[in-house]
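Colleague: I would like to learn how to read a few features of a model. Please take them one at a time.

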Amino acid sequence: AHFARLTYPSYFKSIEHCVTVGRRWFWGGKTAAQLNKTAAGAFKIADTRAEDIAAILFTTGSTGPPKGVVYTHGIFTSQVKMIKERYGVTEHDVDLPAFPLFALFSAAMGMGVVIPDMDPTRPGDVDPAKYVESINDKFVTFTFGSPAIWKKVSAYCADNNIKLPTLKRVLMAGAPVADEIHERLLSGVLPDRATTHTPFGATECLPACDMTGAEVLSETAEKTRQGRGVCVGRPLPGMDVEIIKITDEPIDEWRDSLLVPDGGIGEIVFTGPVVTKEYFRLPDKTALAKIKDRQTGNVKHRMGDVGYLDEKGRLWFLGRKGHRVVTPAGTLFTIACEAIFNQYPDVERTALVGLGAMPNQEPVIIAELKKGAEHCDKEKVKGEILKLGSLNELTSAIQKVLFHPSFPTDIRHNAKIFREKLKVWAEGELTK
């Protein structure tokens, strides 16, 4: 790098300090050891308050244009504290963050950080061999990644009898995580005491809940297959969750009459130290997502997700509020319905969309077939998919199936399905 700097000086005009780690030859600058000596005490830490803006982080844009979320120093401090306490993070841990931004959290918690050899904008295209090499060569103990990554990596490890002996915690988020991923990791790929987790939250409120893979497999997986939704666990310490009646209108002030009865389905609302208060310079969007509690002075965040609480205080996720399909016979929720159709052997994944306007939408299931099944008898498969749906009261009214070659997904996780785009596509297909 230093040789290139001297050979092509015009490309390095902005470089003010040149540092060599290791032996320095003829190119000048400082060694790392010299820099450490001269820098000690030279940099004054900024005098900040908890309410000062620290950063603006953008949402994935899965339900509209990405929005800038205002983060304060107090929120970052709370996040670091919650993550360290929940997952037992220490300075002896080594992290492999598949989402590069999380490397900043890792450093703030004192962990070593290994950047994986992959394109972070296409996590679903990860080379599992390179990913495994990074984990095992660098003694990684902690990692966060999209389920799109761990679907490939867990299958690669299981198929090749590869172990990941140094890993203690595997966190997967961004979309529902298939049971088979937990099963593969916990049945031999990870060491005995290692755990898998599916933390739940949003850019505006993270982390909010956590669920272990062991609890998924032993208690909730079968209910998910029956259309009960995906269990995302219990709120983390300091976080409170409430379920309110579904509405697409702003709610200026909190009142208890907003709450649904115990066990009822509604929009998920969180209160706690990691809840952000506003979107940057988007007052209309802020009004749709935030509720002021005049009595406590807190700001509650409307997740835009629909779900319910079970008798154990666990939160179940049914899908995005904006993706719900409202028909004359009732309301259908994406995650709940799709789980039923996803059990068809040749289906990679499905997406529920509603054609027309609420409350008279027509539900349509769009299926993406597994590799190797693209050339099947689609009329036969369509009939079998509809038959599968007819066996469950939740999906028995769905009468149309379309096949899409490859679902559009978000860049961040390659896992969030852009159902809005699929809806437009479906409307075009059915009007041909």
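Colleague: Which residue's side chain does a polar contact join to that of Thr 196?

Modeller: This is a predicted model, where local features need pLDDT of at least 70, side-chain atom pairs count only at pLDDT 80 or more, and totals for chains, interfaces and linings use all residues. Residues are numbered from 1 along each chain as its sequence is written, and side-chain values use heavy atoms, with hydrogens and water left out. A polar contact is a pair of N or O atoms within 3.5 Å; within protein, one must be able to donate a hydrogen and the other to accept it, and residues adjacent in sequence count only if both atoms are side-chain atoms. Here the partner is His 182, at 2.9 Å.

Colleague: Is Thr 196 buried or exposed?

Modeller: Buried means under 20% relative accessible area, exposed over 50%, and partly exposed in between (1.4 Å probe, protein chains only). Thr 196 counts as buried because its relative accessibility is 1%.

Colleague: In what order do the strands of the open sheet lie?

Modeller: Strands (E, at least two residues) and helices (H or I, at least four) are DSSP runs, numbered from the N terminus; two strands pair if DSSP finds at least two bridges between them. The order is S20-S21-S22, with mixed pairing. S20 (347-355) and S22 (401-403) are the edge strands, each pairing on one side only.

Colleague: How many bridges join S20 to S21?

Modeller: There are 8, and the two strands run antiparallel. Leu 352 stands opposite Ile 365 in S21.
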